[in-house]
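Let us walk through this structure step by step. Keep the sequence and the 3D view side by side.

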Amino acid sequence: MPSDEIVIALRDVNKWYGSFHALRDVSLAVHRGERVVVAGPSGSGKSTMIRCINRLEEHQAGAITVNGVELTSDVKSVEAVRRDVGMVFQQFNLFPHLTVLENLTLAPIWVKKMRRSEATDLAMSYLTRVKIREHADKYPGQLSGGQQQRVAIARSLCMKPSIMLFDEPTSALDPEMIKEVLDVMVELAEDGMTMVCVTHEMGFARQVADSVVFMAEGQIVETAPPAEFFAHPKEERTRQFLSQIIRH
Amino acid sequence: MAAPLPLSGGLLSRPLAWSRRHLFNSPTNAVMTVVVLWLLWATIPPVVDWALLKAVWVGDPAACRAAGGACWAFVGQKYRLILFGIYPYEEQWRPLLAIVLFIVLMLVSAHPASWRRWLFWLWLSGLALVALLMWGGVAGLPFVANDRWGGLPLTLVLSTSGIVLSFPLAVLLALGRRSRLPAVRAASIAYIELWRGVPLVSVLFMASIMFPLFLPEGVTIDKLLRAQLGIILFTAAYVAEAVRGGLQAIPRGQAEAAEALGLGYWQKTRLIILPQALRLVIPPLVGQFITTFKDTSLVIIIGLYDLLSSTKVALSDPQWRGFYVEGYIAAAGIYFLFTFSMSRYSQYLERRLNRGRI
Ligand SMILES: Nc1ncnc2c1ncn2[C@@H]1O[C@H](COP(=O)(O)OP(=O)(O)O)[C@@H](O)[C@H]1O
Ligand SMILES: [Mg+2]
């Protein structure tokens, strides 16, 4: 169960790409251990919001605080936040020139200055957890999409983050591989990881989310627990969106 | 029964049908065929006559002049001067070994399996070893001042050092050109565009004539080093653009994944971006090397004895006056041997790259 402690706080965040207003007064609070699913039509600013949380994108107004550290242009604050926040991308973004094992040990060795043997043990334990141990010495290109995404999750976990961000982790996968990735995410949720997931997997949202955030046109339109969100959406735009994705 | 003419009769199996279809299928083509045949008839026999039939392979200048064909004896007599310049005669095994070392380094670099970080260090130690061999002064090797270096080793030293030593600077320039810091970006662009905007000839003149004027009294840097420095700084601008192409080909997601894992700028660049980008840069780098290899012949204008200049020296022997064509054909043959194999190699790389196997 989520605690009272707020670990991610967005207050009136605004972001522009040139003259395009991508985030409009976005405010959000995520508690430790909470699982938030972010949904919304394409282009509504979901990726932009989640990428502002580990400063892959800069916001221009408002404040973002992660684990008590406010994100500013100060490199120290960015480093502190990134060390504690893992991210999984739609396109996996594994390093193709490194083996699976090297993908996992790279950041522990270079960022945390861990000894190689220790990093290897850690990596193997996470590879076991995502059921991919036997592929440790292969290159990412030799694995299926589902396997690659599980490696990407394990790679993030090797940094022992307290928060995990997922940006449509199953959207680039063939249908038969979606479940193996979602299973790993469900397990993570059951272990109490704080998670923010942009996803259209409404089954996943029903099963693990503590709250669902619905975005449209750069704004958060509505936030509700999943049961309420699916049964009694308050806003007209939410109802439209739900009717569209449920029809599919 | 008349069988229809097969459309695919070869030149050898059905010469008449083949010629009619390929060489005389329109009036224009018929005229072209006749003209080309006449040109071949007019040029090939005299060339064969001169280069082979009437050629003198061994003998003295008198024999050459009497025969009226190519005087390959001249090349046989002077090949060591052409290849090694005025390097002391008894010590010429040293430049020969240097040439062998260069060829071995090139062959090792040709295989994609060796496109790793150690390759750069291998070249660096290879160049150091070449310098040691050529200069000597240690391990019982007599010292040879670099104003006596010449010929093919000099051409190879200037061009490979030009590529290899410009590489670190080129990588920094390419990264700088993509930097988010405006001052760094502006400085990189200025450097690259400035050097690409001047011809190598003027760079060499600057290095040889202007540069010493800026040095404090009593300090001298010798001519070869100055020319080498000029070639390095000049080549860096071109190599930087090739490296930038490689950097651009790496998907944005790679940098983002590295950043999200907490890697700093230099870690991200060194561990993730460059290892992937530099593999893509090797084919254009081969092309740049061909250019630099040929361009080093311009050092003739500042009085360095590279392959082309040493050929000229060989031709100035009063006994052997007049065998220019033979001398330059020999020099051209050496250039061609190197550049042609490199260009075939770069074609092979491109095919391989297109198949996505790199
Ligand atoms: N780097 C960028 N430059 C300009 N516009 C961008 C950039 N990234 C995203 N956008 C625009 O911002 C809007 C929100 O994008 P995004 O956050 O990716 O949406 P979502 O993830 O909800 O599909 C879109 O209209 C998109 O075109
Ligand atoms: Mg998105």
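Ile44(B) sits in helix α2 (residues 27-53) of chain B. Helices here are DSSP runs of H or I with at least four residues, numbered from the N terminus. This is a predicted model, where local features need pLDDT of at least 70, side-chain atom pairs count only at pLDDT 80 or more, and totals for chains, interfaces and linings use all residues. Residues are numbered from 1 along each chain as its sequence is written, chains are lettered from A and ligands numbered from 1 in the order written, and side-chain values use heavy atoms, without hydrogens and water.

Ile44(B) counts as partly exposed because its relative accessibility is 47%. Partly exposed lies between buried (under 20% relative accessible area) and exposed (over 50%), with a 1.4 Å probe and protein chains only.

Now turn to chain A. Around ligand 1 are Tyr17(A), Phe20(A), Pro41(A), Ser42(A), Gly43(A), Ser44(A), Gly45(A), Lys46(A), Ser47(A) and Thr48(A). Each has a heavy atom within 4 Å of the ligand. Helix α1 (residues 46-53) of chain A gives the most to this shell, with 3 residues.

Look at the polar side-chain atoms. One of Ser47(A) lies 2.6 Å from an oxygen atom of ligand 1. One of Lys46(A) lies 2.9 Å from an oxygen atom of ligand 1. On its own, ligand 1 has 560 Å² of accessible area, and the protein covers 59% of that. Such areas come from the Shrake-Rupley method with a 1.4 Å probe; for residues, only the protein chains shown count as cover.

Conventions
Helices (H or I, at least four residues) and strands (E, at least two) are DSSP runs, numbered from the N terminus. A polar contact is a pair of N or O atoms within 3.5 Å; within protein, one must be able to donate a hydrogen and the other to accept it, and residues adjacent in sequence count only if both atoms are side-chain atoms.
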